[in-house]
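Let's take a walk through this model together, with the rings as our way in. Have the sequence and the 3D view open as you read.

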Amino acid sequence: MKQIMKNNIGHLKDVKDGFSWTTFFFGFWVPLFRGDVKYLLIMIILNVVTIGLSNLVFSFIYNRLYQEDLVKQGYTYFNLPS
């Protein structure tokens with residue numbers, strides 16, 4: 001499912017819920033392209049330590065972690081009028 005989040009100056013971001021297929025296939029490249037430096041570093045370190053098996057775990061949790069970080073940065077859930 002797709003959510004839209006908005007910050008206090010009106011910037012909108014599309015975020016997805018649930019399993020992250022992009023993280024499953026592309027691993028640490030996903031936070032790199034989203035500008036999420038914190039999880040980029042965490043994923044690179046864990047990929048080295050676990051020989052890539054951490055990508056499977058992050059595929060299940062990364063979208064939720066990304067949304068929680070956006071909320072901490074001031075984003076709120078936004079529903080477009082239909």
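Searching the whole of this predicted model turns up 10 aromatic pairs. One of them joins Trp21 to Phe24, whose ring centres are 5.8 Å apart with 80° between the planes, an edge-to-face arrangement. Both residues belong to helix α1, which covers residues 21–26, and they sit three residues apart, about one turn of the helix.

How open are these side chains to the outside? Trp21 is exposed, with a relative accessible area of 53%, while Phe24 is partly exposed at 36%. Phe24 also pairs with Phe25: their centres lie 5.1 Å apart and their planes meet at 80°, so this pair too is edge-to-face. Phe25 itself has a relative accessible area of 57%, so it counts as exposed, the cut-off being over 50%.

Now turn to another ring, that of Tyr66. The charged end of Arg34 sits over this ring, 4.7 Å from its centre. Tyr66 is also in contact with Asp36, as are Pro31, Tyr62 and Asp69, once the neighbours of Asp36 within four places in sequence are left aside.

Where does Asp36 lie in the chain? You will find Asp36 in the loop between α2 (29–34) and α3 (37–50). Asp36 is buried, yet it has no salt bridge. The nearest side chain of opposite charge belongs to Lys38 and is 6.4 Å away, whereas a salt bridge needs the charged atoms within 4 Å.

Notes. Residues are numbered from 1 along each chain as its sequence is written. This is a predicted model: local features need pLDDT of at least 70, side-chain atom pairs count only at pLDDT 80 or more; totals for chains, interfaces and linings use all residues. Side-chain values use heavy atoms; hydrogens and water are left out. Helices (H or I, at least four residues) and strands (E, at least two) are DSSP runs, numbered from the N terminus. Buried means under 20% relative accessible area, exposed over 50%, partly exposed in between (1.4 Å probe, protein chains only). Lys and Arg count as positive and Asp and Glu as negative; His and the chain ends are not counted. Contact means heavy atoms within 4.5 Å. Rings of Phe, Tyr and Trp (its six-membered ring) pair if their centres lie within 6.5 Å; planes under 30 degrees apart count as stacked, over 60 as edge-to-face and the rest as tilted. A charge sits over a ring if NZ of Lys or CZ of Arg is within 6 Å of the ring centre and within 35 degrees of the ring normal.
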